[in-house]
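I hope they are handy to have beside you as you look around.

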Amino acid sequence: MQTNESSQESEIKQVIRSLCMMNNRFMNFMLDDNKEAAQVFLRVILGDDKIKVRNVRIQSFIQNIYGHSSQLDILAQDSEGRYFNVEVQRSDEGAPARRARFYSSILDTHFLQPGKLYEELPDTYVIFITENDVLRDNLPLYNIRRRIDENAKCFEDGSHIIYVNSQRRDDTALGKLMQDLYCTEPKNLHYQEFAERMEFLKYSKEGEEKMTDVIEEYAARKAEAAAKAVEEKMTDVIEEYAAKKAEAVAKEAAREAVKEKNIEFAKGLLADGMSIEFTVRHSKLSEAEVRELASKLTA
């Protein structure tokens, strides 16, 4: 029988084996400082075999002191100085047009250094790889650029937004790339640059340890969030109970005050010589309560 520790280790290995590049965190590990793999992505998506990636990094946090900051999944730069932001979005809600616009603008503000001319602003590409066809025209690729309405010419400002529909998995270079995004086994990948990294992450000791640390850290954060949610729920329950209790105490105090007032009124009637029946009828006390008061007054 497996121990709890070995059972957990086996479970984590199964999770690692099941990961594909459409999993955002696994994609990050596949491309982190992996210029060759990032280069394949950009060359296939942009249809340009001359792209040479100079550097690539993951989870790049770009601070915006005047507004919303952003954490970019993958940020690469090529030999021509162009910047490429690649985002993997499994949820349709994660890839709205205005998010792409914002990411494009934040790249502009981040990469134009003080004192530089506007003409020195580098070309930028924001690439959303979506699980579903969020733009709904059944195209494998959507290249989005500004244009002049009056003559339909492109307005060449150097900004590019691209949506990639991962549902189109045909035998084209792009279709094979999309197939690779959903592939969980290195031997089944079309592009060798992905296969080598996936083999390392899933089947080497060092790679498994790296992935295990990430999965356990993620699980710990999820558990902490769940515990906090339970704690917050319990706090809500306790506060609701306390509010109900306070309301009940207030009502009881009000009832006691009314009863005390009725008792004083009944005492006055009895002292004035009124009958038991008359006092019961006008004091809102029971006959037994009035008789007890009467007995105390005559004692």
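1. A word on residue classes to begin: Ala, Val, Leu, Ile, Met, Phe, Trp, Tyr, Cys and Pro count as nonpolar, Asp, Glu, Lys and Arg as charged, and the others, Gly among them, as polar. This is a predicted model, in which local features need pLDDT of at least 70 and side-chain atom pairs count only at pLDDT 80 or more, while totals for chains, interfaces and linings use all residues. Residues are numbered from 1 along each chain as its sequence is written, and side-chain values use heavy atoms, with hydrogens and water left out.

2. Let us start with the cavity. On a 1 Å grid over the protein atoms alone, a cavity is a set of points where a 1.4 Å probe fits but cannot get out, and lining residues have an atom within 4 Å of a point. Grid points are joined across faces, edges and corners, and the volume is the space filled by probe spheres set on the points. By this rule there is one cavity of 30 Å³ or more, and the largest cavity has a volume of about 40 Å³. Its lining consists of Leu31, Ala38, Phe41, Leu42, Val56, Ile74, Ala76, Phe84 and Val86. H3, strand E2 (70-78) and strand E3 (83-89) are the elements that give two or more residues to this lining, and H3 gives the most, with three residues. Helices (H or I, at least four residues) and strands (E, at least two) are DSSP runs, numbered from the N terminus. By class, the lining of the largest cavity has nine nonpolar residues, no polar and no charged.

3. What is the volume of the largest pocket? It is about 300 Å³, where a pocket is an open set of points with protein on both sides within 12 Å along at least five of seven lines. Its lining holds 15 residues, and Ala97, Arg101, Ile144, Arg146 and Ile161 lie nearest the centre. Helix H4 (97-111) and strand E6 (159-165) each supply at least two lining residues, with H4 giving the most, at seven residues. The lining of the largest pocket divides into six nonpolar, four polar and five charged residues.

4. Now the aromatic rings. Rings of Phe, Tyr and Trp (its six-membered ring) pair if their centres lie within 6.5 Å; planes under 30 degrees apart count as stacked, over 60 as edge-to-face and the rest as tilted. The count by this rule comes to seven aromatic pairs. In one of them, the rings of Phe41 and Phe194 have centres 5.3 Å apart and planes at 55°, so this pair is tilted. Phe41 lies in helix H3 (residues 35-46) and Phe194 in helix H6, so the pair ties together parts that are 153 residues apart in sequence. Both Phe41 and Phe194 are buried, where buried means under 20% relative accessible area, exposed over 50%, and partly exposed in between (1.4 Å probe, protein chains only).

5. Another tilted pair is formed by Phe102 and Tyr103, with ring centres 6.5 Å apart and planes at 55°. Phe102 is partly exposed, with a relative accessible area of 24%, whereas Tyr103 is buried, at 6%. Ring pairs link Phe102, Tyr103, Phe128 and Tyr163 into a cluster.

6. Helix H6 (residues 192-203) has twelve residues and reaches 16 Å from its first C-alpha to its last, close to the 16 Å expected at 1.5 Å a residue. That expected span is 1.5 Å times one less than the number of residues in the helix. Phe194, Ala195, Arg197, Met198, Leu201 and Lys202 are buried in H6.

7. A disulfide is a pair of cysteine sulfur atoms within 2.5 Å, and the structure holds zero disulfides. Cys20 is buried, with a relative accessible area of 9%, and Cys183 also counts as buried, at 11%.

8. Finally, two separations along the chain. Asn23 sits in the loop between helix H1 (4-18) and helix H2 (24-31) and is partly exposed, at 25% relative accessibility. Arg255, in helix H7 (residues 205-271), is partly exposed, at 49%. Arg255 and Gln14 are 241 residues apart in sequence and 65 Å apart in space, C-alpha to C-alpha.
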